[in-house]
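Here are my notes for you to read with the model open beside them. Take the points in order and find each spot as you go.

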Amino acid sequence: MIPTIAQVALPVPLHKTFDYLIGNDMPVVGGRVRVPFGKQYKIGIVTALADQSAFPLTQLKPINAVLDDAPLWAPALYKLLNWASRYYQYPLGDALATVMPGSLRKGKPAHRERERVWQLTEAGKDQPITALTRAPKQARILTMLRSGAMAHSDLLDSDLTAAVIKTAEEKGWIDIVQNVRAKPWMPNYRVVEDKPTPNHEQALAVATINASPEFGCYLIEGVTGSGKTEVYLNALEPVLARGQQALILVPEIGLTPQTINRFKRRFNVPVEVMHSGLNDTERLNAWLAARDNEAAIIIGTRSALFAPFKSLGIIIVDEEHDASYKQQDSFRYHARDLAVMRGHEENVPVILGSATPCLESLHNAKTGKYHHLTLSIRAGNAIKAKHGVLDIRGLYLEAGLSAPLIAEMRKHLSDGNQVMLFLNRRGYAPALMCHECGWLAECKRCDAYYTLHQQSNELRCHHCGTQRPIPHQCGQCGSTQLIGVGVGTEQLEAQLATLFPEFKTIRIDRDNTRRKGSLEAYLDAIHNKEYQILIGTQMLAKGHHFPDVTLVALVDVDSALFSNDFRAPERLAQLFVQVAGRAGRASKPGFVLLQTHHPEHALLQSLIHKGYDCFASEALIERQQANLPPYSFFALFRSEANHSEQVEQFLQQVRTILDASPVPDDDCAVMGPAPAPLPRRAGRYRWQLIFQAPNRRMLQQRLSAALPAIRQLPLSKKVRWSLDIEPQDMS
């Protein structure tokens, strides 16, 4: 029987599909259709075809247009997307729309236009070049095409613009000879760079991974500078030789340029990037290049995980511990976990690499779910950095810098080396205070203080984005004695210019790397030794290779030592090791210094004297004793509204539903409701509730049973609420 009904998932916050009548064009499951929805039209994905509906046919509207004649995703990836929607309890239509390029969400064709090839017309051949002295670019087109036809992209690569090409076409000098598709990359594949000889640990890791082209998850725990990327490159070689493609995930956009260059130097294959910095056209082209096998390697941030591939052969997740792999709003998926799921569905190997693997991955390795490979030797002549702790109790600090640290910096700088200072606080100071009465400038919309940004002469709330000019007087007593409290990267930069006027300082944080290409320009300048002192927040700690940095100092670790988040010790340990790894990566010995008021702290002592492995083992024991992840699984209900009572009442009702378990004594627990760590943000009161289960299956069973009732609560329409499965940020 020919189907007459299409079930369509639409990008709306409803956990259901909608039935539409099929017209003359038959849609395909996994393809897009344009359908009427209320008074507008929406682009949806067909999830099923049927010959009957639960609604009378007279109530159903017809499909307006069928946009695809083939599914957007291959069966394995489409199955994964459906699973992820269910697991993260997010509407399927919204989830599918989230992972599509923006151009496809707008209804544009899911195929790339063929490459245009231009040639001279008879009029163009007769046009004298000497007559175009006032139009040099038009003359240049004619000159180039007299040597033969050229592709449109080649003309653009020669610094000619589309407008110039169009002008030449309108004058009748050039026309299109043919449309061609991109050439396949496989016949020309080869390794174009001399490979360094791997050490025995690298060779063992590569041999283990390459032993089978089928699914297996390999956790590479390699100290910073141990050559994890070299292992990735060697693991890619047989994959590319088979004509298969590779997906490489990196945590930050800033890491993509150097990663791209590393892979391009090794292989003469087309490499595409996918990240949030691309416009819609660039993102769609990369998406299509992966799907049509025009790209051999895709490198991208977490959203690149959902790129379709013609023939995927391997997935690599670099810096797998990084928190940015977890989407923090809307479709709250974890790219690392889904990468492992995708590898399983596509039956290809998955590599997770890090110097500081997350405790969940280490637990999976210890229980045999992952193959655990270690790289303990720094590559080449690199010597392991030495560590030191500076007890700054009672010491005078200049913008957070102690005299011993300043002296150590001067020593390394005088030897012609670079120094990196790490401070994970943007702005000039974390707060503005009145010296007379102690008043603090507080955001009126959040339970938080304004951050002082002196360069832009304003106060900013880093939680809601509110900005205001720096006041001239205290808001309480009228005094003009206003001072910054604490130290931020701006203040540190200003102080270093005074302490070391003979050396150039560069600050790399979110404030001064907003412009496109600015981070890449700064990194190039650092490699060229234009700057001797580097100041950075967390974005500078990840994956960058600075061969001339011999001293790394963590200016303030105390703020991270005491936290109400159970993951805080793990994150501090990872940050310490990652930052320390920036020192002594070449033949020069490195030195790492930590400034602290608590040198006796157990976490610091464990890290410095025993290393990350020992810390992780101790932390896993503590997690097990406390029944915390990875020994249990969390779901976090967040809720906010203009009135605190509404939010508390809603979550109390949620708790009542969750407590009504159909299975008594199933080891599940409900904690809360309680105010969030930041109780008020952007004028809205925030509460949260934690549901804890002993395993993923129980977590899903209980939530799936409870959520329909929760969505029917009258207060669910009056408050803004969300559900985060396995949250990484408890705030």
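1. Start with helix α21 (residues 644-659) and helix α22 (residues 696-711), whose axes come within 9 Å and cross at roughly 135 degrees. Helices here are DSSP runs of H or I with at least four residues, strands are runs of E with at least two, and both are numbered from the N terminus. The axes are lines fitted to C-alpha atoms, for helices over the stretch in contact, and angles run from 0 to 180 degrees between N-to-C directions. α21 and α22 are therefore oblique to each other; under 35 degrees would count as roughly parallel, over 145 as roughly antiparallel, 65 to 115 as roughly perpendicular, and the rest is oblique.

2. Before you go further: this is a predicted model, where local features need pLDDT of at least 70 and side-chain atom pairs count only at pLDDT 80 or more, while totals for chains, interfaces and linings use all residues. Residues are numbered from 1 along each chain as its sequence is written, and side-chain values use heavy atoms, with hydrogens and water left out.

3. On the α21 side, the contact (heavy atoms within 4.5 Å) involves Phe650, Val654, Ile657, Leu658 and Asp659, and α22 brings Arg702, Leu703, Ala706, Ala709 and Ile710. Sorted by class, that contact has eight nonpolar residues, no polar ones and two charged ones. Nonpolar covers Ala, Val, Leu, Ile, Met, Phe, Trp, Tyr, Cys and Pro, charged covers Asp, Glu, Lys and Arg, and the others, Gly among them, are polar.

4. Now try α1 (residues 75-87) and α12 (residues 335-346): their axes come within 9 Å and cross at roughly 140 degrees. That makes α1 oblique to α12, and their crossing is right-handed. Ala76, Leu77, Lys79, Leu80, Trp83 and Ala84 of α1 meet Leu338, Met341, Arg342, Glu345 and Glu346 of α12. This contact splits into seven nonpolar, no polar and four charged residues.

5. At what angle do α8 and α9 cross? The axes of α8 (residues 200-210) and α9 (residues 228-241) come within 9 Å and cross at roughly 35 degrees, again with a right-handed crossing. Gln202, Ala205, Val206, Ile209 and Asn210 of α8 touch Glu230, Val231, Asn234, Ala235 and Pro238 of α9. By class, that gives six nonpolar, three polar and one charged.

6. A cavity is a set of points, on a 1 Å grid over the protein atoms alone, where a 1.4 Å probe fits but cannot get out; lining residues have an atom within 4 Å of a point. The lining is Ala9, Leu10, Pro11, Ile43, Gly44, Ile45, Gly93, Leu96, Ala97 and Met100, with β4 (40-50) and α2 (92-99) each supplying at least two residues. Eight of the lining residues are nonpolar, two are polar and none is charged.

7. Finally, some backbone spots. The Pro629 to Pro630 peptide bond is cis, with omega near 15 degrees, and Pro630 sits in the loop between α20 (612-626) and β29 (633-641). Gly672 and Pro673 are also joined by a cis peptide bond, omega about 10 degrees, with Pro673 in strand β30 (residues 669-681). Gln89, in the loop between α1 and α2, has a positive phi near 55 degrees although it isn't glycine.

How values were computed
On a 1 Å grid over the protein atoms alone, a cavity is a set of points where a 1.4 Å probe fits but cannot get out, and a pocket is an open set with protein on both sides within 12 Å along at least five of seven lines; lining residues have an atom within 4 Å of a point. A crossing is left-handed if the near helix is turned anticlockwise from the far one by less than a right angle, and right-handed if clockwise.
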